[in-house]
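Here are my notes on the model. Please read them with the structure open.

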Amino acid sequence: MAEIVFSNVSKQYGRSPRVIHDLELKIGHGEFVVLVGPSGCGKSTTLRMLAGLETITEGEILIDGRRVNELHPRDRDIAMVFQNYALYPHMTVYQNMALSLKVRGIPKGEITRRVKYAADVLGIQELLDRRPAELSGGQKQRVAVGRAIVREPKVFLFDEPLSNLDTQLRVQMRAEIGALHKRLNATMVYVTHDQVEAMTLGSRVVVMRDGFVQQVAPPMELFNEPANMFVAGFIGSPPMNFVTGTLRRHPSSSFVNRDGSLVCNVAGIPSGREGDIVLGIRPEHLRLSERGEGSFMAVPSRIEPLGSELLLYLDVGPDRLVGRVPADAPIGDGPLRLTCPIEHLRFFDPQTERRLSSGQH
C-alpha cells in the first residue's frame, strides 16, 4: 500500500494550452480511486504522469512521501494494466507473468511462488502453459492483471482495462477487480470513461473535465450532491434533467419554468434567492401522480421498455424531460401527471453552473 499526493501538478505540451491544470489530489493507503470523464479530459494523462510515462510541467507527485517526478517508471514501485493486454505471443502465460521478475533477478523459487499465487487469486491456474492465441479476451485480461500482481507493487494503475471486452465480460471482470482490491488491500488508481465502472469500483471518484477536477467524492455523494451541472449531467444514466426557470417566494415558494407549464412547490427549502435558476431532476425521481397539488402535466413523445422499467421521453412546454418508472406503471395514451419529491430537487446557478446549497435557494 502507498499514499499518493498530486501537488499543484500541471501538464503542457510545448506551447499548446495546458491539458492538466493545478491538480491537487491525495489518495490514501489502500484506497481505490477512479478517474472518470469524457475523452480528452486529462484522466489518462494524469495516470501516465503518475506512472512516469509522461513528464510533469509543474508541481510534484509523491508516492509514500517520496518525490517521484524524476524517477524512471521501474523505480516508482508501481504496476500498470493497459487497455491492450501487451502479452508476448511466443511466451506461455507463466512466462508472460514471470518475465518482469526474471529481468529483475528474482530467484526462480520466488518467481514460481508469486506466479502461482497470482494465478490462484485470478483463477487461471489451468492456463499457465497456454499461449495468448489460445486465450479469450477475458482470460488475456486476467493474465495482464496477474502480471501486475506478481510484482507486488505499492500502487496498481489501470488504464481503461475493460474497454476491449464485451458487455458480459466487462461486468464479470469489474466484479473480479473489485474483489481483487479487497483481497490485496492495495492502493489502486483506475481510469475509465464508463461511469458504471466508476460508480461500482471506486471508494472515491474523481470527475474531470478539460484538465480540471470538477469533484472528488464517494460515488453516491456524486450522484446525490453533484458540485455542478457537469457532474450532475455526467453521473447517472440517463443523466439529470435540467430545466431553466424562475424561483419565486410569493405567494408561496415555487419554481416555474419558462412558460409556466412546470411548477414545483419548493416550500420548506430555505429561500434566500429569487430569479433565474436551473432546476435539476433525476429521471428516477420523477413520479406519476394522481393529485393536482405540486404536480405538472407532461406529454410522452416516446416510451422505451427496459425490462423492469420504462424510459419516458416527456414534453413539458418548451422543456424535454426523461423519466424512469416501473414497467407496470399505469401509462395511458394521453398526458401524464408527474411530481418530484422536494428532497430530490437540486438547483444550480445558471451563470456559474454550480449547485446551490439549500441555504442559497
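Predicted model: local features only at pLDDT ≥ 70, side-chain atom pairs only at ≥ 80, totals over all residues.

Does H3 pass H4 in a right-handed or a left-handed crossing?

1. The crossing is right-handed where H3 passes H4. H3 covers residues 108-122 and H4 covers residues 137-149. Their axes come within 9 Å and cross at roughly 135°. Angles over 145 degrees would count as roughly antiparallel, and 65 to 115 as roughly perpendicular. H3 and H4 are therefore oblique to each other.

2. On the H3 side, the contact uses Tyr117, Ala118, Val121 and Leu122. They meet Arg142, Val145, Gly146 and Ile149 in H4. By class, this contact of H3 with H4 has 6 nonpolar, 1 polar and 1 charged residues.

3. The largest pocket has a volume of about 700 Å³. It is lined by 22 residues, and the closest to its centre are Ile78, Met80, Ser100, Arg147 and Arg151. The lining divides into 14 nonpolar, 3 polar and 5 charged residues.

4. Which elements supply at least two residues each to the lining of the largest pocket? They are strand E6 (78-81), helix H2 (93-103) and H4. H2 gives the largest share, 4 residues.

5. The whole structure holds 2 cavities of 30 Å³ or more. The largest cavity has a volume of about 50 Å³. Phe223, Asn224, Pro226, Met240, Arg282, His285, His344 and Arg346 line the largest cavity. By class, that lining has 3 nonpolar, 3 polar and 2 charged residues.

Note on methods
Residues numbered from 1 in each chain as written. Heavy atoms only, no water. 1 Å grid on protein atoms, 1.4 Å probe; cavity = no way out; pocket = protein on both sides within 12 Å on 5 of 7 lines; lining within 4 Å. Points joined across faces, edges and corners; volume = space filled by probe spheres on them. Nonpolar A, V, L, I, M, F, W, Y, C, P; charged D, E, K, R; others polar. Axes fitted to C-alpha atoms, helices over the stretch in contact; angles between N-to-C directions. Parallel < 35°, antiparallel > 145°, perpendicular 65-115°, else oblique. Left-handed = near helix turned anticlockwise from the far one by under 90°. Contact = heavy atoms within 4.5 Å.
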